[in-house]
Amino acid sequence: MKDREQMRIILADDQPKVRLGLRLLFEQEEWASVVGEAAEAGSLLAQVEVAQPDLVLLDWSLQASAAVDLLPALRTLCPGLTVIVLSGQPGIEEYALEAGADAFVSKADPPEQLLAAICASAPASLQGSPAQANKESEK
């Protein structure tokens with residue numbers, strides 16, 4: 001799959017081990033391309049503005065920044081952006097969705113849960129989405 005057909009993803013988490021785990025997960029998926037990583041809000045906003053990704057995986061508590069405050073800024077910088085909130089606190093799900101996240105995944109969930117959330121949240125028109133990759137593999 002060519003880069004322009006891949007889903008462009010930015011990983012935003014202040015824990016390097018979480019970002020590494022996510023990067024390794026997406027390296028196994030031909031439809032995905034990690035185009036950036038951020039450990040704090042300023043870096044995330046700058047990268048989103050430049051990279052114009054399809055998806056941001058956003059830690060709910062990104063180094064003293066509440067995702068609830070970041071979501072409007074992300075949407076302004078990159079209209080049409082899909083944002084999936086990650087948290088080690090499952091009770092945050094309702095707040096994340098009310099704040100405008102497209103989906104929520106607990107960090108305790110298996111990787112398949114995250115992939116399913118991406119598939120469900122990705123625009124159908126996006127070439128290289130997990131859903132598109134599945135359709136092509138079934139041919």
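Reading along the sequence, you get the pattern β-α-β-α-β-β-β-α-β-α-β-α-α, which comes to 6 helices and 7 strands. Helices (H or I, at least four residues) and strands (E, at least two) are DSSP runs here, numbered from the N terminus. This is a predicted model, so keep in mind that local features need pLDDT of at least 70 and side-chain atom pairs count only at pLDDT 80 or more, while totals for chains, interfaces and linings use all residues. Residues are numbered from 1 along each chain as its sequence is written, and side-chain values use heavy atoms, with hydrogens and water left out.

**The chain as a whole**

- Of the 139 residues, 42% count as buried, where buried means under 20% relative accessible area, exposed means over 50%, and partly exposed is in between (1.4 Å probe, protein chains only).
- Take the contacts (heavy atoms within 4.5 Å) between residues at least 6 apart in sequence: 63% of them join residues at least 24 apart.
- The accessible surface comes to about 7,200 Å², and 50% of that belongs to carbon and sulfur atoms; the areas come from the Shrake-Rupley method with a 1.4 Å probe, and for residues only the protein chains shown count as cover.

- Strand β3 (residues 55-59) is largely enclosed by the rest of the structure, because 5 of its 5 residues are buried.
- L55, L57 and D59 point one way from β3, V56 and L58 point the other way, and all of them are buried.
- β3 pairs with strand β1 (residues 7-12) in the parallel sense over 4 bridges; two strands pair if DSSP finds at least two bridges between them.
- In that pairing, V56 of β3 has I10 standing opposite.
- β3 also pairs with strand β6 (residues 82-87), again in the parallel sense, over 5 bridges, and V85 in β6 is the bridge partner of L58.
- Strand β2 (residues 32-38) has 5 of its 7 residues buried, so β2 too is largely enclosed by the rest of the structure.
- β1 and β2 are parallel partners over 6 bridges, with M7 bridging to A32 in β2.

**The largest pocket**

- Rolling a probe the size of a water molecule over the atoms shows where empty space is left.
- The largest pocket has a volume of about 190 Å³. A pocket is an open set of points on a 1 Å grid over the protein atoms alone, where a 1.4 Å probe fits, with protein on both sides within 12 Å along at least five of seven lines; lining residues have an atom within 4 Å of a point. For the volume, grid points are joined across faces, edges and corners, and the space filled by probe spheres set on the points is taken.
- α1 (16-27), β7 (103-106) and α5 (111-121) each supply at least two lining residues, and α1 gives the most, with 4.
- Among the lining residues are V18, G21, L86, K107, D109 and P111.
- The lining divides into 8 nonpolar, 2 polar and 2 charged residues (Ala, Val, Leu, Ile, Met, Phe, Trp, Tyr, Cys and Pro count as nonpolar, Asp, Glu, Lys and Arg as charged, and the others, Gly among them, as polar).

**Two residues to look up**

- P111 sits in helix α5 and is partly exposed, with a relative accessible area of 42%.
- P111 and G21 are 90 residues apart in sequence but 9.7 Å apart in space, C-alpha to C-alpha.
- Q52 lies in the loop between α2 (41-51) and β3, and its phi is near 45°, a positive value in a residue other than glycine.
- Q52 is partly exposed, at a relative accessible area of 35%.
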